[in-house]
Amino acid sequence: MSTQRSVSELRQDFKILDQEINGKPLIYFDSAASTQKPEQVVEAMRAYYYNDNANVHRGAHTLGDRATSGFEGARDKVVHFLNAASRKEIIWTKGTTEAMNLVANGLAPRLNKGDEIIVSRMEHHANIVPWQMLAERIGAVVKVLDVSENGDILVEQLDTLITAKTKILACTHVSNVLGTIIPIKEIVARAKANNVITVIDGAQATPHFKVDVQALDCDFYAFSAHKIFGPTGIGVLYGKEALLEEMPPYQGGGEMIERVSFEGTTFNQLPYKFEAGTPPISQAVGVGAALDYLNSADRKAMEAHEQALLTQAIELSKGIPGMRLIGESSNKVAVMSFLIEGLHPSDIGTLLDQQGIGIRTGHHCAMPLMEYLGVPGTARASFAFYNTAEEVERLFEALAKIQRMFT
Amino acid sequence: MSSPSLEEFQANALGTSTKIEDVFDAFEFLDDWEERYSYIIDLGKALPNFPDAQRKEENYVHGCQSQVWLIDRYDEASDTLYFLIDSDAIIVKGLAAIVLATLNAKSPSEIHKMDVEAIFERIDLMRHISATRGNGLRSMLELVKKSAATRLT
C-alpha cells in the first residue's frame, strides 16, 4: 500500500471547486444532491472513450474485450464496496430510483390484495412512489413508519406496525433531509423475524461511510454513483441472489435473454437478466474509478473530517438569531437542514448563491416529511470531505449578512 | 369567496404610477449585488396586500421553489387587465413587483404584443437577476400573457 494522502490533499483532485461564482470563490455545499467528481474518475472515462470503447459481452475483437473487462471489473469493485456475496447480486441500474422501481416490480408476484408495505415517513419520493404504484396495482396497503421530533426513526413502532400481512419494508439508511443515520441492522432484524423483505435506500449513506450488506443482512440495497463521486446515469441494486433469481425481468430486450424464439424466450442468468440493452459502459468504468478513489483514501479520516465540519456548523448556527436546525439526531452524517426566522429558504438560497455558495432549498423530494415537520421546505447545506472549515465559516458570515439585509 | 373589488386592483401603484422604467432607473444607481437585492427586497415588501382567501389551489402558480399566487381582474369598460401576485418568499415578491410594473394595468392587446423574451433579457441585464425557472419569474410572466390572450377580441 502506498502512503495515503491527507484529506486536505484530496481536494486538489476536484478542479471544479477552483472557480469563482458571482465574483466569489465557489463553495459547494450541495453534495447530498450530487457530489463533484475527482479528476481520476473523469480521466478513466476519457481514457475509456479514447482507447477502449466498444460494446460489451459480444465483440469478437480486442476493444470489445477491453470494454467488457472494464465494465465487469467495475462490477467486481462494487461487490467489494458493499461486501456482497457474489457478482450475481450486483445489478447496474440508472440510479437508486430505477433500482427501487425494479424491486417493486420484481416483488409484485409475492404480493396479494390486502398485503402491507411499510415505508418510513422520512423517505425520498423514490422510495415511496414505486411502492404506492405497486400497492395500487395489487390492492396492497402502504403503512407509515414514524419519525421522532429530533429526526430518528421510531424503531419500536415496528412491533405493532408489522402484522402477518406485512410483506415488504422500505427504509432509507440515511435521511437526505435530516442526515439521520438509521439503525438499519436493527430494523432488518425485526423485519426478518417476521419474514418481511427489506429494501434499503443507500443513496445518502454510501457517500459517507462504509456499508456491508451482509452485516446489515438486508434483502436489497441501492445507491447512485453520482452521489459517491462517480458519474450520473448509473447506480447499483444489490439483491440477495435467491430473491433476484425468483424475480421476473424488469425490461425485455437484448443482453437479458439466453435464447429468443417466437415459441418462447428464456432469460439470461444473473445479473444480466436485469440489464436489458446496451448498458452504461463508460459510466460503469467511472464507477470503478470512483471506488478505487475511495478505497485508496483513508475513509475513516474523511468521515472524521466531515463530522468536524458538521460539529463546527452546529456550533456556529447558535450565533445566528432565529436559526433552527431541522434534524438533530445525535447520529447523523454531515447534512444540515435549517430555517431562519423571517427568511424563506428560497431567499436564503438565492442570496447565498450571490456570495458564491451553493446549497439546496425546497422540499428535497420528501414532501411527506415536510408536511410532518410542518414546513414548506428547508435550506440544506451538505458537506463532503473536499469542503473545508474555512468554507463553513464563510457560510455563516454569508448567512449573517443575509439576515442584515432583511432588517 | 369574495374576490377583491376593482378599486383594490386599481390601487396597485405597480404598472400605474410605478413603471418598469422607474425600476430600471433605480437599478442603474445600484453598484453591487447587495444593493440590488436590497432594492428587490424593498420592492417585495411594498407589494400590495394579497387577499388571504385567494391563496388557493386555482390561483397557485406551479413550477416555483416558493409558493406563488396570482389573480387577475379585467375591466371591460376601460379594456384594462389588472393583476395581484403574492409569494411567501420576499425575493420572489420583489420579482413579482417587476412583473407588475411591466404588465399591470394595461389592455390585453398591449400585453399580448409585448415581447416577453425581451423583458427577460432586460431583467437578465440587471446583473445577477436571472430569469431561471426556480424563482417563478417565467411562470408568472407566462400566466399574465395567458390571461391577456383569453381577453383578446
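Reply:

Helix H14 of chain A covers residues 389-406, and at 1.5 Å a residue its 18 residues should span 26 Å; the end C-alpha atoms lie 27 Å apart, which agrees. The expected span is 1.5 Å times one less than the number of residues. Helices here are DSSP runs (H or I, at least four residues), strands likewise (E, at least two), numbered from the N terminus. The model is predicted: local features need pLDDT of at least 70, side-chain atom pairs count only at pLDDT 80 or more, and totals for chains, interfaces and linings use all residues. Residues are numbered from 1 along each chain as its sequence is written, while chains are lettered from A and ligands numbered from 1 in the order in which they are written.

The buried residues of H14(A) are A:Glu391, A:Val392, A:Leu395, A:Ala398, A:Leu399 and A:Ile402. Seen down the axis of H14(A), these buried residues fall within an arc of 115°, so they line one face of the helix; the arc is that of the directions from the helix axis to the C-beta atoms. A residue is buried with 20 or more other C-beta atoms within 10 Å of its own, exposed with 12 or fewer, and partly exposed in between, C-beta atoms being placed from the backbone. The face turned away from the buried side carries the exposed residues A:Ala389, A:Glu390, A:Glu397 and A:Arg404.

The cover over the buried residues of H14(A) includes helix H11 (299-317) and strand E14 (335-340) of chain A. Contact requires C-beta atoms, placed from the backbone, within 7 Å. In total, 12 residues of chain A are in contact with 15 residues of chain B. To that side of chain A, H12, strand E16 (360-362) and H14 each supply at least two residues.

Note on methods: Two residues are in contact if their C-beta atoms, placed from the backbone, lie within 7 Å.
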